[in-house]
Amino acid sequence: MFDFDNVLSEGMRNLGFEVKVVQQHTQMAPGPNANQAAPSLLTAAAREKRKLPEVLPEALSLIHDAIDRGHAVLSWDLFIPEFGLIYGYDTETRQFQAGDNCGHDKPIAYDHLGRGLVEELFVLAIDKQLDIDQKTMLANALRTILHHYRQETSGPACAHGLAAYDAWREAYLQKGIEPNGNAYTTAVVGDARRHASLFWKEIAETWTDAQFDKIRPLVKDAGELYTQIADEYATLAHRFPFPTGGNPNDPDESREAVQVLDRIKKLEEQAVAVLEQMQEKLSV
């Protein structure tokens, strides 16, 4: 649903790292829902029936070089269409050791990369550490966040940022919700907002340099707003739990969901205003 290379490379630069990426996408549209695919399509045998990516040799070289330098490699769709880490390799068996946050931690054959359900290959490795100070890192992060909120990021034909709430709201009103995907999105975005809350609170408490005093009240406000947003998402996640998803197309359920989304969007708009003020003060 987003341009892996640009978004993740920019995010890593914000953290102070330059990266190298090898990728091959077969489509720029949402792929199939792995949770609803036939189990036979997720097996090693199914991978071996799919075409080898043309960039596989380049990807293998990048992975080996990164691991030899002591860096794990971020990769997409190692076991299912999620991100995971490749952290070791065995040249004799031609297998990588890899894991993700979905309970997978096991070997994967070299030639199984990019041959998963969505047939996309993406690997990202740290190339070098940048000489960057905290103020620049924060300014860059704010630019990234606000670009996303304003839907200025590139990607397939889908809604991003604040505009996504209108699309989501409309899906509920039109009874066009797919329960599993909706529950997944609710859980993931809620988790992101909870981490946003922790991010701003950590900066407020630990970035003690005097140059940040002028934005500290705004940083605290951002932390509180994202806490409220995360709490609202928790109510949605309780109503539409992953993976079963509840009954989002039930008229009463969808009506309640729209009300929660409306509250969330108002809080998000307040957060954007705070971040814009923060960006302005930081640039002085």
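**Terms and their grounds**

Modeller: E119 counts as partly exposed because its relative accessibility is 31%, where buried means under 20% relative accessible area, exposed over 50% and partly exposed in between (1.4 Å probe, protein chains only). The model is predicted: local features need pLDDT of at least 70, side-chain atom pairs count only at pLDDT 80 or more, and totals for chains, interfaces and linings use all residues. Residues are numbered from 1 along each chain as its sequence is written, and side-chain values use heavy atoms, with hydrogens and water left out.

Biologist: Why are β1 and β5 called edge strands?

Modeller: The 6 strands form an open sheet in the order β1-β6-β2-β3-β4-β5, with antiparallel pairing. β1 (17-24) and β5 (105-109) each have a single partner strand, so one side of each is left without a neighbour in the sheet. From one strand to the next, the twist averages 35 degrees.

Biologist: How do you know that β1 and β6 pair?

Modeller: Two strands pair if DSSP finds at least two bridges between them. β1 and β6 have 8 bridges, in the antiparallel sense, and V19 stands opposite I126 in β6. β2 and β6 pair in the antiparallel sense over 2 bridges; S75 has V123 in β6 as its bridge partner.

Biologist: Why are α1 and α4 called roughly antiparallel?

Modeller: Helix α1 (residues 4-15) packs against helix α4 (residues 134-149) at an angle of about 155 degrees, with the axes 8 Å apart. Angles under 35 degrees count as roughly parallel, over 145 as roughly antiparallel, 65 to 115 as roughly perpendicular and the rest as oblique. α1 and α4 are therefore roughly antiparallel to each other. Axes are lines fitted to C-alpha atoms, for helices over the stretch in contact, and angles run from 0 to 180 degrees between N-to-C directions.

Biologist: What is the relation of α5 to α8?

Modeller: The axes of α5 (residues 161-173) and α8 come within 10 Å and cross at roughly 175 degrees. That makes α5 roughly antiparallel to α8.

Biologist: What makes L275 buried, and which residues is L275 in contact with?

Modeller: L275, in helix α8 (residues 251-282), counts as buried because its relative accessibility is 0%. Leaving aside neighbours within four places in sequence, L275 is in contact (heavy atoms within 4.5 Å) with L142, I145, L146, Y149, W200, A222 and Y226. L275 and I145 are 130 residues apart in sequence and 8.7 Å apart in space, C-alpha to C-alpha.

Biologist: Which peptide bond is cis, and where does P243 lie?

Modeller: The bond from F242 to P243 is cis, with omega near 10 degrees. P243 lies in the loop between α7 (216-239) and α8.

Notes: Helices (H or I, at least four residues) and strands (E, at least two) are DSSP runs, numbered from the N terminus.
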